[in-house]
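Q: I have a chain to look at. Where should I start reading?

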Amino acid sequence: MKVCALPVKKLPKEICENTAAFSIPLEKAINQNDIVWLERSEIENDFSYKHLITYVLFQSADGKFACYPRHGSEKRLRGLYSLGVGGHIDECDRADSLLGTVQNGLYRELTEELKNFDKEKVTLEYLGLISEKESDVGLVHLGIVYLARCKDDYIPLAAEETNGLEWKTKDELRNIKKELWSTLALDFLGE
């Protein structure tokens, strides 16, 4: 299966060389013309590319955030909690614009990972990018981070990959064992 990727050399140097959450406009960091579609299996360990990954944080109407223990296809993250729901942008998500491609991938992933996802019951806000160089996972992935604020009493339900979904306050999130991306994503939420 082909996934959306970007040659590392096409990313701003600041993003490539640091482990951080970056509040940067999507189109400023990624030029649509630099995107390539490559077989996931061929670039899974190729550090010259970053797979573009949607990473959506969910906030309930009462201000709590969704988190779940990792037990999906990414074996390197199992046992850690994640605040992000999402995944690879597949070739079937391709659109005429970078934003369209990202949103197609985002909605497809959320529909797969949440039983009752309804895009009409959330407001989406782009927060920025997550890049990290601390792990083999981070070296080949670039997180495109959104916040989904749930409207009224809407609460997404876990599907198989997000089984064990819980809702916690920011203070509670700081005290659980999380994947690095989730720790970085907390920076977008402030104090």
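A: Start with overall size. For 191 residues, a compact globule would have a radius of gyration near 16 Å, and the protein chain has 16 Å, so the two agree. That radius is taken over C-alpha atoms, and the globule rule is 2.2 Å times the number of residues to the power 0.38. This is a predicted model: local features need pLDDT of at least 70, side-chain atom pairs count only at pLDDT 80 or more, and totals for chains, interfaces and linings use all residues. Residues are numbered from 1 along each chain as its sequence is written, and side-chain values use heavy atoms, with hydrogens and water left out.

Q: How much of the protein chain is buried?

A: Buried means under 20% relative accessible area, exposed over 50%, partly exposed in between (1.4 Å probe, protein chains only). Here 51% of the 191 residues are buried.

Q: Which residues have the most contacts inside the largest nonpolar core?

A: A nonpolar core is a set of buried Ala, Val, Leu, Ile, Met, Phe, Trp, Tyr and Cys residues joined through side-chain atoms within 4.5 Å. The largest one has 34 residues, and Ile30, Leu52, Phe58, Leu110, Leu129 and Ile144 have the most contacts inside it. A second, separate core has 18 residues, including Trp181 and Leu184.

Q: What does Ile144 touch beyond its neighbours within four places in sequence?

A: Contact means heavy atoms within 4.5 Å. Among the partners of Ile144 are Leu26, Leu52, Val102 and Leu129.
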